[in-house]
Amino acid sequence: MIAVWAGVLLAAVWLAHWGAEHLSDPLKKLRQQWGFSVAAGGAFVGLAAASPEIGINTTSALRGVGDIGLGALLGSNVLAIPMMVVTAYLATRKSGIGENGRHDDHEEHRRAHLLQVDRQAVTVQALPYLGIIALFALLTLPAPWRGLQPIDGWILLLGYLAYLVQALLRGRKEGEEVDWKRKEKWKAVAGVGALAAGAYFTVFSTEKIVSAIGISKIIGGLFITAPVAALPEVFATWYVARSGQVTSGVTSVIGDHAVTMTLAFIPLTIVGMPIENLQLFWVALAFVALMPTLYAAFIWWGGHDSGFRRWQVAALPAVYALFVAVLVFWVQPFGQGAQGAAGEQAEEASAVR
């Protein structure tokens, strides 16, 4: 049975790949037509690429397996920044990118082993996203209101709208005239649909595989569902970066995270979601905050040509490896002891409520 679901998983990933491939040019034209900055362009890609996480939590809430959604969202928000930065770096190592293989200063950046990213990515994307993480922590960690409740959904929705408005309006200038072809429009619509459908079946088939293996739901969400759900965004980042929209490709991961920490959690707030393993939760949330902090620091202090140097690109996966090591050797959420601790914390949370 696992082999069947693995086949569905591969087909779903291919469908998401096709959808992402047909989104890069329309997204670039849309950004140019509306006059949004290249950093704000990441919000477009991120919103489309966040469909896997939205699908995870909607499915988890409807099926009563909220731990899968919780683990997947936290896991993806730790893993995705290293994945997308590495993907964008590899995508831009070819000699020519962009229209007709032309992109200003690309050869210089390639020789310097630099992934060049506009500094606006810090102020427009990373810092507001850190504000969203702080809001999420405030809603879920303090004992009096620990977990997710319906009121939290409304607050997270307002937080996302504030993030989106500031991202789109800051640095906006007069739009440009662009030529839209009918075939291009239909391909863009089909691309969004394919990305969403592929993401949904990626999540659904991964859930079946997790169930067949017999591991805990939150661990399955952290280490199986999250990496697989990130694949569509990997494809989107690759094609957007190859098209010459390097900053939009790299910042799309922050746009995606802003959705996953707000809109994607709304299904779990509707049904209510207690925190059953507080230690696992706050450790994961700490690394969720650490990744964009490093992301912002590497870009902001990158010198005249802001972006990621080769050692910084390598440092981000190393931090993810540290996250895995902390979970395995300190939190230890796999054995009976962890299950007992989770149960005690759930009882404490219930008593507080």
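**A walk through a helical model**

Helix H10 covers residues 217-229. A straight helix of 13 residues would span 18 Å at 1.5 Å a residue, yet H10 spans only 15 Å between its end C-alpha atoms. The expected span is 1.5 Å times one less than the number of residues. This is a predicted model: local features need pLDDT of at least 70, side-chain atom pairs count only at pLDDT 80 or more, and totals for chains, interfaces and linings use all residues. Residues are numbered from 1 along each chain as its sequence is written, and side-chain values use heavy atoms, leaving out hydrogens and water.

Where does H10 kink? A kink of about 30° lies at Phe223, shortly before the proline Pro227. The bend at a residue is the angle between axes fitted to the seven residues ending there and the seven starting there. Buried residues in H10 include Ile218, Ile219, Leu222 and Val228. Buried means under 20% relative accessible area, exposed over 50%, and partly exposed in between, with a 1.4 Å probe and protein chains only.

Now step back to the whole chain. The protein chain has 16 helices and two strands. These are DSSP runs numbered from the N terminus: helices are H or I with at least four residues, strands E with at least two. Of its 353 residues, 52% count as buried. Among contacts with a separation of 6 or more, residues 24 or more positions apart account for 84%. Contact means heavy atoms within 4.5 Å.

The largest nonpolar core holds 67 residues. Such a core is a set of buried Ala, Val, Leu, Ile, Met, Phe, Trp, Tyr and Cys residues joined through side-chain atoms within 4.5 Å. Val85, Leu115, Val250, Phe265, Leu285, Tyr295 and Phe308 touch the most other members. Elements giving two or more residues to this core include H5 (66-91), H10, H12 (246-260) and H14 (278-300). Apart from it lies another core, of seven residues, among them Trp5, Val13, Ile209 and Phe235.

Phe265 deserves a stop. Its contacts include Asn57, Leu70, Phe136 and Leu156, not counting residues up to four places away in sequence. The search of the whole structure finds nine aromatic pairs. Rings of Phe, Tyr and Trp (its six-membered ring) pair if their centres lie within 6.5 Å; planes under 30 degrees apart are stacked, over 60 edge-to-face, and the rest tilted. The ring centres of Phe136 and Phe265 are 4.6 Å apart and their planes lie at 35°, so this pair is tilted. The pair links distant parts of the chain, 129 residues apart: Phe136 sits in H7, Phe265 in the loop between H12 and H13 (266-271). Both are buried.

Tyr320 and Phe323 give another tilted pair, because their planes are at 45°, with ring centres 5.7 Å apart. They are three residues apart in H15, so about one helical turn separates them. Tyr320 counts as buried at 14% relative accessibility, and Phe323 at 1%. Elsewhere, Tyr295, Phe298, Phe308 and Trp311 form one aromatic cluster.

Thr140 lies in H7 (residues 120-140). Is Thr140 buried or exposed? It is buried, with a relative accessible area of 0%. What does its side chain reach? The backbone oxygen of Phe136, at 2.8 Å. Thr140 also touches residues including Trp145, Arg146, Ile275 and Phe281.

Pro232 is buried, with a relative accessible area of 2%. Pro232 and Ala16 are 216 residues apart in sequence, but 5.4 Å apart in space, C-alpha to C-alpha.

Definitions and conventions
Polar contact = N/O pair within 3.5 Å; in protein donor to acceptor, adjacent residues only side chain to side chain.
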